[in-house]
Every structure is written in structure tokens, then in C-alpha cells.
Amino acid sequence: MSSLERIKRIIPVPLNPIEAGSQHGWKSAEYMIGTELPPDYKEFINTYGSGLIGKFLYLRHPFSQKNY
């Protein structure tokens with residue numbers, strides 16, 4: 001079982017994730033920072049998008065409009 005599958009058992013997947021990643025978006029972001037990002041990180045952001053986990057953890061990503 002993948003890490004994301006284990007996370008999905010604990011944290012419900014949103015029906016309409018906000019600011020989720022896309023194939024084109026990731027390529028652009030990786031080009032801008034000059035390195036490839038981990039596949040599991042990209043998969044998590046593609047699945048969950050932006051938001052808080054447990055009302056205290058905010059995961060930063062290239063598609064977020066807020067800069068916490």
C-alpha cells in the first residue's frame with residue numbers, strides 16, 4: 001500500500017480540492033526552481049490541494065495563492 005493510500009484512510013479526500021496541482025503546473029514549477037519534486041509530494045498535492053491538516057499544519061506548494 002502506498003503512503004498516499006494510508007493517508008487517505010485517515011484524512012478524507014476533498015470532493016473538489018482547492019488549488020490542486022496539474023501535470024503542466026508541476027513541469028512549470030520544477031523548471032522555475034531547477035529541480036524535480038518528489039512524486040509522492042506531487043501526488044499528495046494533486047489529491048488534496050490546499051488546506052489545513054488538523055487546524056495547524058499547512059503544506060506549502062507552488063499552486064497556493066496564500067504565502068504562509
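# Surface, fold and local geometry of a predicted model

The accessible surface of the protein is about 5,300 Å², and carbon and sulfur atoms hold 58% of that area. Areas follow the Shrake-Rupley method with a 1.4 Å probe, and for residues only the protein chains shown count as cover. The model is predicted, so local features need pLDDT of at least 70 and side-chain atom pairs pLDDT 80 or more, while totals for chains, interfaces and linings use all residues. Residues are numbered from 1 along each chain as its sequence is written, and side-chain values use heavy atoms, with hydrogens and water left out.

Me: Which pattern does the protein follow along the sequence?
Reply: Helices are DSSP runs of H or I with at least four residues, strands are runs of E with at least two, and both are numbered from the N terminus. The protein has three helices and two strands. Read along the sequence, they give α-α-α-β-β.

Me: What is the radius of gyration of the protein?
Reply: The value is taken over C-alpha atoms, and the globule rule is 2.2 Å times the number of residues to the power 0.38. For 68 residues the rule gives 11 Å; the protein is close to this, so it is as compact as a globular protein of that length, with a radius of gyration of 12 Å.

Me: What share of the 68 residues is buried?
Reply: Buried means under 20% relative accessible area, exposed over 50%, and partly exposed in between (1.4 Å probe, protein chains only). On that scale, the buried share of the 68 residues is 26%.

Me: What share of the contacts with a separation of 6 or more joins residues 24 or more positions apart?
Reply: A contact means heavy atoms within 4.5 Å. Among contacts in the protein with a separation of 6 or more, the share from residues 24 or more positions apart is 57%.

Me: Which element do the buried residues of α2 pack against?
Reply: The buried residues of α2 are Gly-25, Trp-26, Ala-29 and Glu-30. They cover an arc of only 125 degrees around the axis, which puts them on the same side of α2; the arc is that of the directions from the helix axis to the C-beta atoms. On the other side of α2, Gln-23, His-24, Lys-27, Tyr-31 and Met-32 are exposed. The buried residues pack against α3 (39-48).

Me: Which elements are included in what covers the buried residues of α3?
Reply: Buried in α3 are Lys-42, Phe-44, Ile-45, Thr-47 and Tyr-48. α3 is followed by Gly-49, with a positive phi near 65 degrees. The cover over the buried residues includes α1, α2 and β1.

Me: Which residues does Ala-20 touch, not counting residues up to four places away in sequence?
Reply: Ala-20 is in the loop between α1 (3-10) and α2 (23-33). With a relative accessible area of 30%, Ala-20 is partly exposed. Leaving out residues up to four places away in sequence, Ala-20 touches Ile-45, Asn-46, Gly-49 and Phe-63.

Me: Is Lys-55 buried or exposed?
Reply: Lys-55 is in the loop between β1 (52-53) and β2 (57-58). Phi of Lys-55 is near 60 degrees, a positive value in a residue other than glycine. With a relative accessible area of 79%, Lys-55 is exposed.

Me: What is the relative accessibility of Glu-19?
Reply: Glu-19 is in the loop between α1 and α2. Phi of Glu-19 is positive, near 60 degrees, in a residue other than glycine. Glu-19 counts as partly exposed, at a relative accessibility of 24%.
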